Amino acid sequence: MKAVLRLRMGSHDAHYGGNLVDGARMLGLFGDVATELCIRSDGDEGLFRAYDAVEFLAPVYAGDFIEAEGEIVSVGNTSRKMRFEARKVIRPRPDVNDSAADVLPEAVVVCRATGTCVVPKDKQRGQK
């Protein structure tokens, strides 16, 4: 089971000089993807237990369009192990003009992570 969301990083997401977006923003996107996955699989938002690994692989800037994807890779009694990937798919081109942007010919992976969510047994409604 997979879930995908795509959104544009705004100036409010820029945390550092040069309009650089904080890496924690990618983890927030992964949290939203995990919530959707839990709802789709169990009919409940679940709780994010822990990240096992996080890799920040490329910078993200205000104006970038990010596609965050996740999938459930293992199901336990209450645990749901998940894998996540965030990719930059569009980038702004301020060198051309203020509103120019390019769709990237190949998405750039900016972050990968794995983690575990828990859906308490009494809240599982088996949406699968």
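Because the model is predicted, local features need pLDDT of at least 70 and side-chain atom pairs count only at pLDDT 80 or more, while totals for chains, interfaces and linings use all residues.

**The annotated stretch.** Begin by selecting residues 1-123, where an unreviewed UniProt entry places the feature "domain: HotDog ACOT-type"; UniProt positions are given in the numbering used here, feature names are shortened, and annotations may be inferred rather than shown by experiment. Over residues 1-123 the chain is 15% helix and 53% strand, with the end C-alpha atoms 19 Å apart. Helices (H or I, at least four residues) and strands (E, at least two) are DSSP runs, numbered from the N terminus.

**Residue D13.** Next, select D13, which is found in the loop between β1 and β2. Is D13 buried or exposed? At 9% relative accessibility D13 counts as buried, where buried means under 20% relative accessible area, exposed over 50%, and partly exposed in between (1.4 Å probe, protein chains only). Now show the residues that D13 touches, which, not counting those up to four places away in sequence, are R8, V21, D22 and R25; contact here means heavy atoms within 4.5 Å.

**From D13 to R25.** D13 and R25 form a salt bridge in which the closest N and O atoms are 2.7 Å apart, a salt bridge being a side-chain nitrogen of Lys or Arg within 4 Å of a carboxyl oxygen of Asp or Glu. This pair links distant parts of the chain, since R25 lies in helix α1 (residues 24-42) and D13 in the loop, 12 residues apart. R25 is partly exposed, with a relative accessible area of 25%.

Then select E69 and K2, whose side chains meet in a salt bridge (3.4 Å, N to O). E69 lies in strand β5 (residues 65-75) and K2 in strand β1 (residues 2-8), so this pair ties together parts that are 67 residues apart in sequence.

Finally, select R112 and E85, a salt bridge with its closest N and O atoms 2.9 Å apart. Because R112 lies in strand β7 (residues 101-118) and E85 in strand β6 (residues 79-92), the pair ties together parts that are 27 residues apart in sequence. By the salt-bridge rule, the count comes to 13.

Definitions and conventions: Residues are numbered from 1 along each chain as its sequence is written. Side-chain values use heavy atoms; hydrogens and water are left out.
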